[in-house]
Amino acid sequence: LSVLLSSFVYADTKGDIDGDDKVGLAEAVNALQVASGLADQVRSRWCDQGDGTVKDRATGLVWLQKADWGGTMTYDEARNQAGMLCEGSEGANLSDGSAEGDWRMPTGPELYSLANGIDAFYCAHYWVVSELWQVAGESCKLYWSSSTVLDEAGCQWGMYLQPDLMFSLDRSSSYWLLPVRSDN
């Protein structure tokens with residue numbers, strides 16, 4: 001099946017998304033989505049605003065494009081760091097005119113919507129993460145949300161951008177932050 005699907009080539013698009021010189025099942029599904037127009041529909045949801053941010057047209061939220069900004073941190077550190085983010089923050093690559101207090105930690109549903117919003121499927125989501133968000137090294141990083149896990153004291157929801165799985169995270173552990181703000 002992989003050989004058959006990997007032989008599917010489509011115009012003006014590279015089938016080998018991850019650069020491993022193979023076209024796997026996920027990439028072949030992406031090829032079918034491109035051929036059907038679905039990938040263009042998903043791509044139209046996201047806008048690289050050219051100022052260090054990515055806008056989700058489906059939700060109106062604006063996300064920091066530098067998905068590895070600030071390194072790993074505990075929940076309290078991440079919450080504080082998000083509130084201090086602004087244009088000119090070291091390493092954030094922001095030129096959006098934002099001021100301290102404009103940014104925050106995303107809720108669990110907001111974070112989850114990055115991968116599972118209105119029309120996003122795995123392969124289209126793969127494109128979103130690999131093309132729009134700037135992540136140094138491997139992209140499988142676990143991100144904080146502000147949503148508390150019920151029945152688990154001291155835990156918050158978090159999510160990998162790839163694959164899009166939600167996890168219960170201990171607040172004293174260190175994970176990544178992907179700040180968000182509303183569109184001003």
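Predicted model: local features only at pLDDT ≥ 70, side-chain atom pairs only at ≥ 80, totals over all residues.
Residues are numbered from 1 along each chain as its sequence is written, and side-chain values use heavy atoms, with hydrogens and water left out.

Reader: Is Ser-145 buried or exposed?

Author: Buried means under 20% relative accessible area, exposed over 50%, and partly exposed in between, with a 1.4 Å probe and protein chains only. Ser-145 has a relative accessible area of 0%, and therefore it is buried.

Reader: Which backbone oxygen does the side chain of Ser-145 reach?

Author: A polar contact is a pair of N or O atoms within 3.5 Å; within protein, one must be able to donate a hydrogen and the other to accept it, and residues adjacent in sequence count only if both atoms are side-chain atoms. A polar atom of the Ser-145 side chain lies 3.2 Å from the backbone nitrogen of Ser-147. The backbone oxygen that this side chain reaches, at 2.7 Å, is that of Trp-157.

Reader: How many bridges join S4 to strand S5?

Author: Strands are DSSP runs (E, at least two residues), numbered from the N terminus, and Ser-145 is found in strand S4, residues 142-148. S4 and strand S5 (residues 155-160) run antiparallel, and the number of bridges joining them is four.

Conventions. Pairing = 2+ DSSP bridges.
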